[in-house]
Amino acid sequence: MKKIFWAFTICVMFGTACSAEQEKEVKPTLFSAKISVADSIDQTGDYSGFQVLIFSKKSASASADTLFWGITDSTGFVNGVIDLKDEGAFPTQISRNGVNLGAIRLLLAYDDTVKVSGEFPGFQETLVVDSRESRAMKLYDRVDTGYKRTSQFIISGQIADSLIPGELQKWVNLYWEVYQDHKGTFASKFALEATINLLRQYDSPQMFSKLNQAFDEDLAFGLAITKGKEYVAKNFGLEKAITYLDSVKALTKEKEIIRAIDQSVIKINYDSLRVEEARELLEKYNKKYNLDDSELSFWYKNMRFDLTYLAPGMDIPEFSFRTSDGDTITNSSMIGKSYLLEFTLMANQLYQSQYEEATVIYQIYNINGLEYFTIPFDQSTNTIIAFFEERDRYWEIADPPSFDRKAFVENFNIQYFPTRILVNKQGKIVRKYIGEEFDGIIPAITETLKNN
């Protein structure tokens with residue numbers, strides 16, 4: 001189910017098919033369930049009284065919104081119509097006589113027919129879900145499982161290097177087939193994303209070509225804003241990347257996608273050290289969307305803060321902390337040295353997945369003068385200790401009692417983990433890197449150390 005929530009993250013970020021402003025007609029979802037009990041438990045043949053509840057819950061603290069509730073008749077059958085506000089994976093509970101007997105998650109989509117059947121006891125083992133979405137997902141899962149198995153063979157060296165491109169292309173073709181044959185489903189979205197991510201590893205021109213064939217799927221706009229923009233910028237430069245984003249924007253009337261593209265143009269200028277251009281575009285963005293203090297978007301407030309206080313070329317804000325090795329580090333004491341400040345939770349999965357890469361970067365560039373410091377925001381020092389019980393530590397870690405977390409959050413605008421800030425020997429900010437942007441830090445480090 002992680003893939004499902006990732007798809008919805010993309011929807012939220014880029015206003016894709018999940019947008020409430022979409023203009024397509026939303027048709028009801030038909031639902032039915034057939035529940036029985038094994039003869040060894042109940043020989044009456046009366047399967048009435050099973051209550052089926054499907055609900056939506058935006059967060060752990062939010063109240064539940066009931067999408068469907070019904071009670072089975074004597075044959076164990078119940079059905080009804082679900083008027084969906086949003087598509088997605090929804091918790092479903094089955095109970096009888098006030099006792100919760102089973103819980104599953106159901107994929108619900110507009111204009112689909114969902115049929116559920118199962119027998120107690122052993123409901124999970126006998127469960128059958130039939131719908132357009134579930135059939136497509138089963139196909140996607142088969143392809144995805146096959147690719148992951150092949151990927152392990154490649155990693156372990158069981159496939160000759162000369163055969164790897166052809167083997168990967170086979171899986172690209174299979175993912176692409178799922179995307180084309182099951183458009184409109186979650187499986188199609190996942191297959192498109194898998195196609196683009198796989199091609200990005202070994203054939204970026206084909207990735208770009210495939211992406212530009214997929215704009216009948218709203219997810220493609222999110223991929224264009226990230227992967228497509230990255231490809232054009234890397235191969236053809238900043239101006240071409242901006243032109244590409246403008247051409248993508250012309251393909252849609254969806255307001256949230258247009259807004260996301262406007263944000264991306266501002267961000268690419270900011271990332272390319274065109275700070276004044278980014279500031280001007282941000283002001284135009286503010287006027288275009290008529291934002292006032294009561295409705296300033298989270299993205300806008302973050303970008304405005306960074307452009308005002310943390311833009312490339314500005315002095316790093318004042319800071320102070322003591323390391324676990326007993327050294328006191330301040331912005332003043334670091335003048336004359338290039339360094340990287342890293343703010344994170346040690347339990348953060350993205351940070352853990354990047355740690356090996358960070359270690360390689362440190363080992364390569366520390367000998368050329370790069371200092372590296374991690375400021376952990378974990379509440380418990382045991383979490384930090386546990387992290388390094390499984391890993392080697394190469395650079396200094398800030399001792400949590402020695403710094404003010406709130407001050408760091410406010411002064412460095414820490415909204416996501418991990419966040420990293422590269423600083424040159426003059427104490428000037430080179431660039432702030434958030435999350436997966438860390439992948440692009442090496443050229444900036446190289447250029448910064450060249451100027452030492």
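Visitor: Is Trp395 buried or exposed?
Guide: Trp395 is buried, because its relative accessible area is 4%. Buried means under 20% relative accessible area, exposed over 50%, and partly exposed in between, with a 1.4 Å probe and protein chains only. Keep in mind that this is a predicted model: local features need pLDDT of at least 70, side-chain atom pairs count only at pLDDT 80 or more, and totals for chains, interfaces and linings use all residues. Residues are numbered from 1 along each chain as its sequence is written, and side-chain values use heavy atoms, with hydrogens and water left out.

Visitor: OK, aromatics then. How many aromatic pairs are there?
Guide: The count comes to 37 aromatic pairs. Rings of Phe, Tyr and Trp (its six-membered ring) pair if their centres lie within 6.5 Å; planes under 30 degrees apart count as stacked, over 60 as edge-to-face and the rest as tilted.

Visitor: Why is the pair of Phe321 and Phe373 edge-to-face?
Guide: Their planes are at 70°, so the pair is edge-to-face, with the ring centres 5.8 Å apart. Phe321 sits in strand 9 (residues 320-322) and Phe373 in strand 12 (residues 370-376), so to speak distant parts of the chain, 52 residues apart. Strands here are DSSP runs of E, at least two residues, and helices are runs of H or I, at least four, numbered from the N terminus.

Visitor: Are those two buried or exposed?
Guide: Phe321 is buried, and Phe373 is too.

Visitor: And what does Trp395 pair with?
Guide: Trp395 forms a tilted pair with Tyr372, at 4.2 Å centre to centre and 35° between the planes. Tyr372 lies in strand 12 and Trp395 in the loop between helix 13 (381-389) and strand 13 (396-397), so the pair ties together parts 23 residues apart in sequence. Tyr372 is buried, with a relative accessible area of 2%.

Visitor: Which residues do ring pairs link into a cluster?
Guide: Among them are Phe319, Phe321, Tyr339, Phe343 and Phe373.

Visitor: Switching topic: what lies over the face of Phe387?
Guide: Arg391 does, at 4.1 Å from the ring centre. A charge sits over a ring if NZ of Lys or CZ of Arg is within 6 Å of the ring centre and within 35 degrees of the ring normal. Lys189 likewise lies over the face of Phe186, at 5.8 Å from the ring centre.

Visitor: Last one: where is Ser95?
Guide: Ser95 is in strand 5 (residues 88-96), and it counts as buried because its relative accessibility is 12%.
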